[in-house]
Amino acid sequence: EEQAGAFDLEDETSRYRLLPFRRSGGLSTREERPNSFYPIYFHQKTGRIAIKPLAGAVAILPIDGDGRERVWRQTKPSLAAAIERGDMIVKPGRSGSGFTVLMKDRIKVGRKPKTIWVDPQYDASTHGTVLLQQIFNGKRKLFDYPKSLPAVVDTIEILIGSNPNATVLDFFAGSGTTGHAVLQLNKKDGADRRFILCTNNENNICEVVTFERIKRVMKGYTTPKGEKIEGLGGNLTYLKTAFVKKELKVGLSDEAKLDLTRRANLILSLRENTFTPAAATEHYEITQSPYRMTGVYFSEDKSELIALLDRLKAMAGEKTVTVYVFAWEKGAYKKGVTGYDFTFEDIPEPLVEVYQAIGL
């Protein structure tokens, strides 16, 4: 609505405004953009515009009022497409001599964000510091200068609002505003965007503030005044990184492969984005998210495999299901396993390949 007033013309396609097709300002000379200096042919009687010579047409070059060789806004292929769309117009020059080439600039669905955003919701004190105090039931001095949540929500929406499956990575997470903003945006449009927050955990910031904040806004919390804030949903986990020895042993023993499989559940949960524990026995574990379920069967003994599959089938509902099964021989466990609309993966070979790739 804000930009509509500038687009005061309209055809059968959309509202538009007319912009000079000759470029001005920086990077507008023939020397700087040689591919954008060429003649445009215009036939005055028929009104036809072309990039190739026409009989009876005049050739128009991007020469400015001072006789300097400028360039057109687009190269020949782009201009040809614009002509085909009917987006080019040629009018007599203002002085009555020569011609002016104009291009239809059509109204956009959105617009380029302004350099300065002025709105009370972007105030970092009220919508950053005070919000963090509310989430932590009145605790103060948890984190210096947390960002305004609406400011980060709007920034993310501008960048990836049209991508419902985007992953947002914050290399320098502080209080967790980025993760909170992704959850808020998902709640707004029902999308399934993910976030990864990284921190060096200085002063235990990850455990005390970042992780705890995201956990609370997912589950819901109560403000110091007793107001209950509904949770935004989602599933969450955090990992600590460490250096590993870059020594590759020749192969892995059978015992080592079994041990690797038993300890691989977290890695597989990360791969599937299912962090919430749902069930566990000595043979298998099940994790889930609002949209997915993962079953990991890590035992050589396959006597409980059908029990796992039946349990997943009963629990899954509309969720998609991936099942990882320990197997010495690829797909051997699938004999007799029918009637399950799941994705099956063999382990531990994919995990072994990952560990070998990093030299562990």
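Where does Phe 172 lie? Phe 172 sits in the loop between strand S8 (167-170) and H4, with strands and helices taken as DSSP runs (E, at least two residues, for strands; H or I, at least four, for helices) numbered from the N terminus. The model is a predicted one, in which local features need pLDDT of at least 70 and side-chain atom pairs count only at pLDDT 80 or more, while totals for chains, interfaces and linings use all residues. Residues are numbered from 1 along each chain as its sequence is written, and side-chain values use heavy atoms, with hydrogens and water left out.

Phe 172 counts as exposed because its relative accessibility is 75%; the cut-offs are under 20% relative accessible area for buried, over 50% for exposed and partly exposed in between (1.4 Å probe, protein chains only). Together with Leu 169, Phe 171 and Ile 196, Phe 172 makes up a nonpolar surface patch with about 490 Å² of accessible area. Patch members have over 30% relative accessible area and no salt bridge, with nonpolar side chains (Val, Leu, Ile, Met, Phe, Trp, Tyr) joined within 5 Å and like charges within 9 Å. A salt bridge here is a side-chain nitrogen of Lys or Arg within 4 Å of a carboxyl oxygen of Asp or Glu, and areas follow the Shrake-Rupley method with a 1.4 Å probe, only the protein chains shown counting as cover for residues.

On to H4 itself. Thr 177 belongs to helix H4 (residues 177-189) and, at 6% relative accessibility, counts as buried. Setting aside neighbours within four places in sequence, Thr 177 is in contact (heavy atoms within 4.5 Å) with Lys 147, Ser 148, Leu 149, Val 152 and Arg 213.

Further along there is an open sheet of 5 strands, ordered S12-S13-S14-S15-S16 with mixed pairing; two strands pair if DSSP finds at least two bridges between them. S12 (276-280) and S16 (343-347) each have a single partner strand, so they stand at the edges, with one side of each left without a neighbour in the sheet. S12 pairs with S13 (residues 284-288) in the antiparallel sense over 4 bridges, and a hairpin of 3 residues joins the two. Across this pairing, Pro 277 has Thr 287 as its bridge partner, and Ala 280 stands opposite Glu 285.

Thr 294, in strand S14 (residues 292-297), counts as buried at 1% relative accessibility. Leaving out residues up to four places away in sequence, Thr 294 touches Glu 272, Thr 274, Glu 285, Ile 286, Thr 287, Thr 322 and Tyr 324. The C-alpha atoms of Thr 294 and Ile 116, 178 residues apart along the chain, are separated by 45 Å.
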